[in-house]
Amino acid sequence: RAVITTSFQYQTQLWDAAAGESLTPPLIGKRFSTVTADGQLVMHDDSTLVYDVRPDDRPVEELRLLAEALSGHRIDDAGGYVPLTDDEHGAVWTRLRASHPDAQPLTPQRERAWHAARAEICERDERWADAAAHLTPLIEAQPYRWRLWARRGRAFRELGEWEKAIANLTAAADRGAEDPSVWLDRGHCRAEQDQLRDAAADFARAAAMGVRHLEPLQALALLAAGDRAGYRTVATRILDFLNTKAQPSDPIELLVWPLVLPAGETPDLSKSIALLEQVVTPKCPDAMGLRTLGAALLRAGKTKEAIRRLEEGCKMRSENFPSAWLLLALAHHRAGSPADAKKWFDRAANWLDDPDSDYDLEWSDRLKVRLLRQEFEQLSAAK
């Protein structure tokens, strides 16, 4: 009559097999779970946890009262989650004690422990709005803990609430944060808000704290800010790494992109192309790698080979690949095939300009398509 499910995160839940409805909230437990005849949910691996999952026979109204007492909220007629006033909350406890004289409100310590446990579960399950809600009372109680601010900043970043994320991550930094992810997350949020020089500084700070291969993000942010001198300084470091130290196990595609994106730059890409060809092989094809390899070949003047590689990448990923389409437009333009160039450009432009499109590009991807589109439009106008 009941089904137990356990996720890869060792989150166990009991379900009504006939109705398909959950009988318990998600329970943190061990790898193996069983239900005993007397209604105990037993989770065991290296140790054992036991949950009492017997049906609760108390009246629904009593359970509702208990929920209101413990949460400090009620469900209104419209299904809204409404906070109780202090007087209402006191009245709920008075009614509850009439049937349960020993009932006591949660102590502040237990309430914080509950919020802390729920915040961790919500973060693991990527329920970011709930995670932020549980982290808020923890921050109010312990505003000096920079990790709480950083975690709420990360939640707001995942929600796309950039200003709130920046404010929380800045609060974490101001309180002595020691985790480079604070600056990495804030850099992405600032870039989304077009605070590009500040974003580049955050990426540089995270890199100085030990995070590898952040130079591409720093270079892209400087390029987007119009700081070509700053961009060239970082791009030179990237190229030096690719020419002297890089191995196929490094993120070659990520490292090469800033070098091939802007028009008018002339880096020697021969070693970068050789590395990409080691990464993107017939046995291990990759649409993104083929796109970057095609871009590098195009910048190196190997137009026909660039077209072949870019078309291979497009066949692997037929939809939502505007950067590859724009690169093909540029390649065909340089090959003297204006009709083919226009075909690929129109495909990218129609996709990017469609108000009904549901794409959601990150700041770095928006930069790529913007610069490639501008380059093609300038070439077409000049011709």
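I began with helix H17, residues 363–382, which has 20 residues and reaches 28 Å from its first C-alpha to its last, close to the 28 Å expected at 1.5 Å a residue. I keep in mind throughout that this is a predicted model. I then listed the buried residues of H17 and found Trp363, Ser364, Leu367, Lys368, Val369, Leu371, Leu372, Arg373, Glu375 and Phe376. For reading such a list I recalled that an α-helix has 3.6 residues a turn, so residues three or four places apart point the same way.

Next I turned to the nonpolar cores. The largest one holds 87 residues, and within this core Val182, Leu242 and Leu261 touch the most other members. Helix H15, residues 322–334, gives the most to this core, with eight residues. I followed up Leu242 and, leaving aside residues up to four places away in sequence, noted that Leu242 touches Ile252, Leu255, Val256, Leu259, Lys271, Ser272 and Leu275.

Thr303 counts as buried because its relative accessibility is 15%, under the 20% cut-off. Not counting residues up to four places away in sequence, Thr303 touches Ala331, Arg334 and Ala335.

Glu126 has a phi near 60°, a positive value in a residue other than glycine, and the place of Glu126 is in the loop between helix H3 (108–124) and helix H4 (128–141). His213 likewise has a phi near 60°, again positive in a residue other than glycine, and lies in the loop between helix H8 (196–208) and helix H9 (215–224).

My last entry concerns the largest pocket, for which I noted a volume of about 1300 Å³. The lining of this pocket comprises 39 residues, of which Thr24, Pro25, Leu70, Ser71 and Trp114 lie nearest its centre. The elements that give two or more residues to the lining are strand S2 (11–16), helix H1 (60–71), helix H2 (86–99), H3 and H4. Which element gives the most to the lining of the largest pocket? I found that H4 does, with six residues. By residue type, the lining divides into 19 nonpolar, 11 polar and nine charged residues.

Definitions and conventions. Residues numbered from 1 in each chain as written. Predicted model: local features only at pLDDT ≥ 70, side-chain atom pairs only at ≥ 80, totals over all residues. Heavy atoms only, no water. Helix = DSSP H or I, 4+ residues; strand = E, 2+ residues; numbered from the N terminus. Buried < 20%, exposed > 50% of the residue type's maximum accessible area, 1.4 Å probe, protein only. Contact = heavy atoms within 4.5 Å. Expected span 1.5 Å × (residues − 1). Core = buried A, V, L, I, M, F, W, Y, C linked by side-chain atoms within 4.5 Å. 1 Å grid on protein atoms, 1.4 Å probe; cavity = no way out; pocket = protein on both sides within 12 Å on 5 of 7 lines; lining within 4 Å. Points joined across faces, edges and corners; volume = space filled by probe spheres on them. Nonpolar A, V, L, I, M, F, W, Y, C, P; charged D, E, K, R; others polar.
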